[in-house]
There are 2 protein chains.
Amino acid sequence: MVPSTNLTFPNRDTHRAWLASQAALPAGFRVGTTRFDFVPREAPKPAKMTLTLIALDRPTPDFAAAFTKNAFPGAPIIVGRKRLNAPALGAIIINNKISNVCAPGGVETAERVCVEAARLLGLAPAAVLPSSTGVIGWSLPTDAILAALPQAVSALAGGTILPAAEGIVTTDLYPKIRRADVGGGSIVGIAKGAGMIEPNLATMLVYVLTDLAVPRGELRAMLARAIDASFNAISIDSDTSTSDTVALISSGRVPCEDFGAFERGLHTVCRDLAEDVVRNGEGVRHVIRVRVTHAASPVLARALGKAIVNAPLFKCAVAGNDPNVGRLVQAIGKHIGAFAPQTDLSKLRAAMGGVDIFANGVFQLDPSKEAALIAHLRGAELYASAAPKDGVFSAPIDFPPHERCVELEIEVGNGAASATVLGGDLTHEYVSENADYRS
Amino acid sequence: MVPSTNLTFPNRDTHRAWLASQAALPAGFRVGTTRFDFVPREAPKPAKMTLTLIALDRPTPDFAAAFTKNAFPGAPIIVGRKRLNAPALGAIIINNKISNVCAPGGVETAERVCVEAARLLGLAPAAVLPSSTGVIGWSLPTDAILAALPQAVSALAGGTILPAAEGIVTTDLYPKIRRADVGGGSIVGIAKGAGMIEPNLATMLVYVLTDLAVPRGELRAMLARAIDASFNAISIDSDTSTSDTVALISSGRVPCEDFGAFERGLHTVCRDLAEDVVRNGEGVRHVIRVRVTHAASPVLARALGKAIVNAPLFKCAVAGNDPNVGRLVQAIGKHIGAFAPQTDLSKLRAAMGGVDIFANGVFQLDPSKEAALIAHLRGAELYASAAPKDGVFSAPIDFPPHERCVELEIEVGNGAASATVLGGDLTHEYVSENADYRS
């Protein structure tokens, strides 16, 4: 998971201009959105919902999707798993605000929305994939969605994917778009992330569109491999959403002459979107990139990386630009002690920001290294935390200022396996976002 | 893990008076402390350390101890494991501020402190158990400790364990003492907790003293069982300290006529101390008690309880008195999906504060239930979060106002096993404590 870009944005406008430069829709797709007010049944005060429609000019058999492994999947996930067997896909209908998870009659509601979208688009209902994100447990406002669907259909337009990237977000600070141009075609992905981001996908909706003609079987195998190296290697807070979805759809409009090049492009798009999702994770002020090497197995390497980026005390220290490497070693020792207690750690070496901090069973620290570590942490900070008058912290940015990470290297020293994992720090902004999310 | 007390304290004085009423030392023990200034080698600004000495009137063969499973144990843990084979124990020497973990020469330093304490007390060096808690990676100030030891020895006094309960703390808000009177003797325990609290013990030092004569073998078996049902069933932040220690020492001064009654008393002391440690966990504003029943195995029941009390988004919701039961179900589904995906969850029932919230695969919510859940959360709050001017949140209490918990019942519905797990919410106070811990 080496970054493919190292962008910096001084302000919102430069970021939006860059997004626009990435946003050209592949041939054969149109997107449309509509926003409307409604009153949730469970908490009777007005709320807003955006419907986002992604439509193909004609249905395609060549699509792939992967869903959350949470044992309480949302209704759209239950429906989506069935759609994998459908002969063709013609549209995706996405709503934010309510995730339609474990709500009474949720599957019927999701299907009803698909039926109506299909009717308006002239498709079979099984050619529409539903997606929802937002509050768990609430019921979708079916009537309001059905009433709004025609506006989403009339808004459908080609050219740019930006309206869809903007339409699917919840607490995201900015839209996320990544692209790869391959041969005469392109692969363009958008993502909605923020919290509840962990392995096996995240509270994450990702739609990757391509005009390159890749058959269903190859598409599905390539998507599984790309997800394993990208979305399954990130974690914001170890929580696994009930709604995670990654979909990949080919309009087949451009012949694909090099499947290898296509797969490399797909990996780049997924990897960059995964990193975007972490960088814009709820309350994330530092992205932490852990590279674990010389481990006994790839599974252990990844699990150790995850254990580090999910260790609350280490995450807090990073938030405070505090190179508390004791907590890093604690997190490693906790994981190894619990899951691989026979591991010989006498050769373990650790570095942060290129500075060696641990070897031969003891810390390798001195005041000049401490200063270098603090500088590294400060350099990776996305924004400084500002004490708010009312105690509710919020991010002061709506663009990613840079793509620098806190870089950790953990050389376990008894094998040949490696893995890279991305995560974030644990901040007041995360707590404020999530202790007051529904009000 | 049903609470043995349901105390309330209107202020610090009533709590301290209650502590004093619990603090009578068992026969055969004395405690002494001393506090001194020193300059750490790694961060050259003055710091304070307290040395706490627990001494027996004569060495005893009847002692037990359990230590962290972290794969990078502190030097005192490495020494302590050896002590388990010593013929007798005569004293425990405890320092706070620096944990002596992975510091160069750490084991030699711990042994040197034991040698000097043994010399002053007329013991064999192997009769002294060392304990340290605090910053990981720093070196113990050996000279300052050796210079301070004589004062700790001259401070030794019987009567009350309170000085030791106060001496071992770090970021704890108040000392923790629990007792059980059994026959003509007693079991009295003290604990230091706060952060890095997870299974397999915690950043937790616990010393349980008894004058009841129980032989080494029985003592060790009983301690293992008591820990399993108490300290191994709590989690503040899933982090496992490198220093966790629970020691149980019998002075043998009172004949024990009923080992069953002794073990019940030991369980009570451990269970209550474990709950105290959670209640006084770093930034904990709500204690969450999860009772998992009708599970397929005790291991699954406990793991599911741990998954719930460690789910960051649910913990944040609890902090905000927000009955976001969607996040509770998310946490259950995440754990089952990852670790027991074949589990049939169709019979799962969940309740919070006695209010049924989930059954038959869907939420069972209405506005009156929502109000009841909010009232339950507010009733379990230890203190309200106050927005500080400088953005650094801190607990406004130095006593536990009450022992009420957020009570969760999860009936999995496909087995006979059960477990109770305690944890805390995730608050601004936790982040403030841990993003700025070392400065």
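Predicted model: local features only at pLDDT ≥ 70, side-chain atom pairs only at ≥ 80, totals over all residues.
**View 1. Helix α2 of chain A and what lies over it.** Start with α2(A), the helix that spans residues 75–83. Its buried residues are A:A75, A:P76, A:I77, A:V79, A:G80 and A:R83. If you look for what covers them, you will find several elements of chain A, including the strands β3 (63–67), β4 (89–95), β5 (128–132) and β10 (245–255). The helix α3 (106–121) of chain A is also part of this cover.

**View 2. Strand β5 of chain A, side by side with β4.** Here we stay with one of the strands that cover α2(A). In β5(A), 5 of 5 residues are buried. A:V128, A:P130 and A:S132 point one way, while A:L129 and A:S131 point the other way. Next to this strand runs β4(A), parallel to β5(A) and joined to it by 5 bridges. To pick out one pairing, find A:I94 and its bridge partner in β5(A), A:S131.

**View 3. Inside the largest nonpolar core.** This core has 274 residues. The residues with the most contacts inside the core are A:A91, A:I308, B:A91 and B:I308. In soluble globular proteins, nonpolar side chains tend to be buried together. Zoom in on A:I308 and, leaving aside its neighbours within four places in sequence, you can find A:V290, A:F314, A:L328, A:A331, A:I332 and A:L408 in contact with it.

**View 4. Where chain B touches chain A.** Now both chains come into the picture, with 61 residues of chain B in contact with 61 residues of chain A. On the chain B side, α9 (312–319), α10 (325–339), β14 (362–363) and α12 (428–435) each supply at least two residues. The largest share comes from α10(B), with 12 residues. Sorted by class, this side of chain B has 31 nonpolar, 20 polar and 10 charged residues.

**View 5. A glycine in strand β16 of chain B.** The last stop is B:G424, which lies in β16(B), a strand of residues 417–424. B:G424 counts as buried because 30 other C-beta atoms lie within 10 Å, and 20 or more are enough for that label. Look also for B:S235, which is 189 residues away from B:G424 along the chain. In the model, the C-alpha atoms of B:S235 and B:G424 are separated by 7.5 Å.

Note on methods:
Residues numbered from 1 in each chain as written. Chains lettered and ligands numbered in written order. Buried ≥ 20, exposed ≤ 12 C-beta atoms within 10 Å, placed from the backbone. Helix = DSSP H or I, 4+ residues; strand = E, 2+ residues; numbered from the N terminus. Contact = placed C-beta atoms within 7 Å. Nonpolar A, V, L, I, M, F, W, Y, C, P; charged D, E, K, R; others polar. Pairing = 2+ DSSP bridges. Core = buried A, V, L, I, M, F, W, Y, C linked by C-beta atoms within 7 Å.
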